Amino acid sequence: MTELYIDGVQVILPASMSTEVKRENPFFTKNGEYTYDITINLDNPVNRGLYAHINRHNIASLPVSNRNAILVADHRVYCNGTEIITGWTDEVVTIQIASGNSELNYFVGSDLLISSLTLCSTSPLINGVPNKDMINKLYPEIEACLTPVYDRAAGVMYNEWIHNRILVNGQPTSYQLLAKSNPADFDYISQPFLCAYIRKLLAAIGYSITVNDLENTVFKDLYISHVQIEREWAKMLPGWKVVDFLTEIENMFNMSFVIDSKAKTARLLFNNSYYLNAQLKHVQNVVDEFEVEKSEKSDSVLTTNANVSYSLPDNEYYHRRAISSYVLKTATKVTIPKQYAETEINAGRDYLLSWFTDVTHRDKNIIYVDEYTNRMWLFKGMENDLIPSPTYELVNEFAPIERDEASSEIELEMVPVELASWSLYLYDNGVKSLASVPYWLPTIDGATSTGSDDSSTETNLDTMISNATTEASESKGKIFLAFYRGFNNRYLAGIPANTYPMPYTDEYLPEAFGTHFKTNTDGATLRLTKLDELFYSGVYDIDEINKITITSYDPNVYDTRGVFVINNKKYVCRETTYTLTAEGRNKAWKGIFYPIRISDTETYQRWILSDGKWRDGGAWIDSGRWLDS
């Protein structure tokens, strides 16, 4: 018997009722569970009341939408999510039910702008004074930071901090970080941490995030660098749609959002550990006949089998961060051998400084390829007339990933922020001195909106009339990212260690006199090659080319996110399809599966064999039954 409940009220289903329930795996499709149309007759008072007499022509208001819907057949829940009314006549209403990731897709749609939501508002000032916790503390203690950022178009430095030396008898004895005195309202603007923004965004559409794998990595320290004159987080990313933002997160870090509609929770999981702790499920009563469909390429658009690049702004800084393929192909390259670097390091010398001090390595028309760090360097020249010292530049840090047999192209619009050198004036006992030092700070070429209530890109009346403007529009810009993990980790040209905020995007930053220093030693970088190493590689060995379609009479309703054993072979599921009638589920159901090569220990499934011996270090079960049953 099939039952349908809308907000706890049982719907009277017609005897001819028939629908299909799809359960998809978000790892492959980004969908969850959903039904096709379910037709509900309005020939009885229960259904008419439930749908507020929608069949009457003089009805004043439509029934409440987005109600909870539970579809049950033979005492098993097939879909627990949100009711979507797709149409009605004077006799019937048709609905669909969306659950899990399908419910999320329904709520988000294709056009829901982040700016239309209410996320949160952060004021960086307390009683008119910048909140130092937002620069002294890190995520998750704080949700946004106050790292400096320069708006090059407006010529304004936001979040400006003063490096103050306490002098005694003309000598510095200690250092202070001071804020501007009497700052204007928007001299300081919050820079949200990326993980905090994800959490706030999901909360705004009705989900609490229970697991975010990103928070267990160095990438929890990423923040959104922007120059929007805003307190409201939703207004900081004008033009960005919710679906685009969530997709960007999934693509950039090779992750999947997994939704639980019943609990209204979300998990953000790395795809290369997606099947960790997955239940091993044995599908029974499988029909011997099955269909194998061979594809020329994978059905899924994943970073693991795609060419991946940043959609970088068109300026000189970014041209040097990702050198064009033509230049790379035609330029002369010379290798800095790994053995050379190791020898110099073991001798306590800076191997790059030693390399470029050699007059034979001072060619400005050569790209020097560093085997030790897998980096590229350009010789820039010699500085300092008294003791000449070589200067060199790190280039091509954010080069794209190009695969031999890529099945798709992914271009990321979340990109590393530009870091430009600005003169940081030093203060002595609170008084600005004549001394300044170079310091690399995030730099953005203008905000994408004015920050005012009517922040349309078309504000001129004549232009709006000429363009037949029908609604306010928002210009979509890049989302700029950087790491913030505290103050500078070493002395930098007049700035002692641990005395000034240090945002960065890579493991190296330039310093004075044309050299570079390490910002960190634990892999905090936005280089795509590093993301490939950490997140895109080491994925599961899934054969998406040879998918099989099976028919089974197994009475269970399976979660598609498990690992399945069918006829003694292991598979992962793309989707299952069940047909429900008024009498209950048709006994047979279909499923599309991909072969997977995975060991039992990779899923941490442990069981005891009938002979009583341990298998894969499993846990003892007194009854001898499967651990996951």
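## Ground rules

The model is predicted, so to speak of local features a pLDDT of at least 70 is needed, side-chain atom pairs count only at pLDDT 80 or more, and totals for chains, interfaces and linings use all residues. Residues are numbered from 1 along each chain as its sequence is written, and side-chain values use heavy atoms, with hydrogens and water left out.

Most residues other than glycine have a negative phi, and most peptide bonds are trans. Tyrosine 139 and proline 140 are joined by a cis peptide bond, with omega at about 10°. Proline 140 sits in the loop between helix H4 (133-136) and strand E11 (144-145). Helices (H or I, at least four residues) and strands (E, at least two) are DSSP runs, numbered from the N terminus.

Aspartate 7 is not a glycine, yet its phi is positive, about 50°. You'll find aspartate 7 in the loop between strand E1 (2-6) and strand E2 (9-10). Its relative accessible area is 48%, which makes aspartate 7 partly exposed (buried is under 20%, exposed over 50%, partly exposed in between, with a 1.4 Å probe and protein chains only).

Asparagine 429 also has a positive phi, near 50°. The loop holding asparagine 429 runs between strand E30 (418-428) and strand E31 (431-444). With 45% relative accessibility, asparagine 429 counts as partly exposed.

The model has two cavities of 30 Å³ or more. A cavity is a set of points, on a 1 Å grid over the protein atoms alone, where a 1.4 Å probe fits but cannot get out; lining residues have an atom within 4 Å of a point. The volume of the largest cavity is about 80 Å³, a volume being the space filled by probe spheres set on the points.

Eleven is the lining count here: 11 residues line the largest cavity, and Pro438, Tyr439, Trp440, Leu492 and Pro510 lie nearest its centre. E31 and strand E34 (508-510) are the elements that give two or more residues to this lining, and E31 gives the most, with three. By type, the lining has 10 nonpolar residues, no polar ones and one charged (nonpolar: Ala, Val, Leu, Ile, Met, Phe, Trp, Tyr, Cys and Pro; charged: Asp, Glu, Lys and Arg; polar: the others, Gly among them).

## A pair of helices

The axes of helix H5 (residues 194-204) and helix H6 (residues 242-253) come within 12 Å and cross at roughly 140°. Axes are lines fitted to C-alpha atoms, for helices over the stretch in contact, and angles run from 0 to 180 degrees between N-to-C directions. H5 and H6 are therefore oblique to each other (under 35 degrees is roughly parallel, over 145 roughly antiparallel, 65 to 115 roughly perpendicular, and the rest oblique).

Terms used: 1 Å grid on protein atoms, 1.4 Å probe; cavity = no way out; pocket = protein on both sides within 12 Å on 5 of 7 lines; lining within 4 Å.
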